[in-house]
Amino acid sequence: MNKHERTRRRGLVLAAALLLALAGCGEKASLAPSQQMGENPPLPRPKAYLLPPMKVPDFAGWQGDARPQVATGLQIEKIASGLMHPRQVLVLPNQDVLVVEGNGPGEEAITTPKQLIAGQIKNQSGKGGKGGNRVTLLRRKPGGGEWDKFVYIEKLHSPFGIALVGDALYVANTGNIMKYRYTPGETKMSDPGTELGDLPSTVNHHWTKAMVASPDGKYLYVGSGSNSNAGENGLEVEYRRAAVLEVDAATGASRVFASGIRNPTGLQFEPQSGKLWAIANERDEIGADLVPDYLTSVREHGFYGWPYSYYGQHVDDRVRPQRPDLVKKAIVPDYALGSHVAALGLLFYTGDALPQYKSGAFISEHGSWDRAPLSGYKVVWVPFANGMPSGKAQDVVTGFHSADEKHLFGAPVGLAQDADGALLIADDVGDVVWRVTGARR
């Protein structure tokens, strides 16, 4: 680091320290997250800040036999611990479970005090620890207890999405999709893998690449998050960003399927309609009650507003130049989840073990830094009817932070359904995989 860089960094640190001292004095939310759930959420006027509200609990982890709380009629067990930021879970045909372990590559340039503060807060919460850059295989032990763990694939680069189509296993790193030949029963991948295609990987403001295969296996759909909050890094770095990409599973050729979705972090096909759905993390820094994260169907060639507008055609005045022609086309999302819940995992449940949750979607809410009091940090369920959301979200798994909001035990990310119909949850702060089943009678 040269003298100029050291001086710049010291200036950022001093400015960050001052702003961090002011962070606790920020605005409190006036709406409960539940008030912003559904088809027509209330949207207050946007606000401008020297420093937006910031609140993140200090990392505590799960101590002893501590575990999340579940809704009446359910029970929860730990099937794996000691992982390195487990992000996604995939159940294989032989009932082994693959766990993707990864975190951000740490390549984003620090250019403002706010970015420095955000990084410090993230580390303080346990969300900024080193990811495993690997896939681990879990295999059930006879007699119960934690499952056996095997390192299945190593030397990945901030992996997130994973999908199996026949004997082809696809893993989405932050910058490419790797393809492996899957052999049932292996505890370590024998195929070295080949690169199927590249993914946007400059700056990596949003690094996660969620992925799902089409029902016929011909295409992979990949979520590519924006390289900024609201376009402040310039639109030239947003190429193939804030979009859902469609990737040919045979050739790796890709195109933008839908755009204007700031950070599509979960992708799934709704089983009744066959339509593609996504959850999205919306923009920050215009209020504790703006902007609601959302769940929406994803239309081919659809535009969802980012960065020019939010929740349909509500213009974001921070963005220059504006594009009123695009704002007119902005699609209103189908279902609001509440502001700053940071939804990361989506699962349409089809099993029989949890019948009260059939015909609906589980959504994991990782929790955000940009709201006080806290929102998110739980798994909810949204009922569906005729292929569309049909009621208020219900809490299913909670208790990821202390009641006084000072300590963080875990945070849910990826979701999967196993052969028994149990719900699997990757907890990337607690470094645990949880399994939710019906309570024993």
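Trainee: Which side chain does the side chain of Asp334 make a polar contact with at 3.1 Å?
Mentor: That of Thr296. Keep in mind that this is a predicted model. A second polar contact, of 2.7 Å, joins the side chains of Asp334 and Ser297.

Trainee: Where does Asp334 lie?
Mentor: In the loop between helix H3 (324-327) and strand S22 (335-339).

Trainee: What is the nearest side chain of opposite charge, and how far away is it?
Mentor: Arg299, at 5.6 Å. Asp334 is buried and has no salt bridge.

Trainee: Which residues does Asp334 touch, leaving out those up to four places away in sequence?
Mentor: Gly38, Glu39, Trp277, Leu295, Thr296, Ser297 and Met388.

Trainee: New topic. How many aromatic pairs does the structure hold?
Mentor: It holds 13. One of them is Trp62 with Phe400, an edge-to-face pair with 5.9 Å from centre to centre and 70 degrees between the planes.

Trainee: Where in the chain are Trp62 and Phe400?
Mentor: In distant parts, 338 residues apart. Trp62 is in the loop between strand S2 (58-59) and strand S3 (69-70), and Phe400 is in the loop between strand S27 (394-398) and strand S28 (407-408).

Trainee: Are Trp62 and Phe400 buried or exposed?
Mentor: Both are buried. Ring pairs also link Trp62 and Phe400 with Phe409 and Trp434 into a cluster.

Trainee: Back to Trp277. Why is the pair of Trp277 and Phe348 edge-to-face?
Mentor: Because the ring planes are at 75 degrees, with the centres 6.4 Å apart; edge-to-face needs an angle over 60. This pair also links distant parts of the chain, with Trp277 in strand S18 (residues 276-280) and Phe348 in strand S23 (residues 343-349), 71 residues apart.

Trainee: Why does Trp277 count as buried?
Mentor: Because its relative accessibility is 0%. Phe348 is buried too, with a relative accessible area of 7%.

Trainee: On to strand S25 (residues 378-385). How many of its residues are buried?
Mentor: Seven of its eight, so the strand is mostly covered.

Trainee: Which strands does S25 pair with?
Mentor: Strand S24 (residues 360-365) pairs with S25 in the antiparallel sense over six bridges, and there Ile363 stands opposite Val380. S27 and S25 are also antiparallel, over three bridges, with Val397 as the bridge partner of Val379. Strand S26 (residues 388-389) is joined to S25 by two bridges and runs antiparallel to it.

Trainee: What stands opposite Ala385 in S26?
Mentor: Met388, which is also among the residues Asp334 touches. S25 and S26 form a hairpin with two residues between them, and Asn386 in the turn has a positive phi of about 55 degrees.

Note on methods
Residues are numbered from 1 along each chain as its sequence is written. This is a predicted model: local features need pLDDT of at least 70, side-chain atom pairs count only at pLDDT 80 or more; totals for chains, interfaces and linings use all residues. Side-chain values use heavy atoms; hydrogens and water are left out. Helices (H or I, at least four residues) and strands (E, at least two) are DSSP runs, numbered from the N terminus. Buried means under 20% relative accessible area, exposed over 50%, partly exposed in between (1.4 Å probe, protein chains only). Lys and Arg count as positive and Asp and Glu as negative; His and the chain ends are not counted. A salt bridge is a side-chain nitrogen of Lys or Arg within 4 Å of a carboxyl oxygen of Asp or Glu. A polar contact is a pair of N or O atoms within 3.5 Å; within protein, one must be able to donate a hydrogen and the other to accept it, and residues adjacent in sequence count only if both atoms are side-chain atoms. Contact means heavy atoms within 4.5 Å. Rings of Phe, Tyr and Trp (its six-membered ring) pair if their centres lie within 6.5 Å; planes under 30 degrees apart count as stacked, over 60 as edge-to-face and the rest as tilted. Two strands pair if DSSP finds at least two bridges between them.
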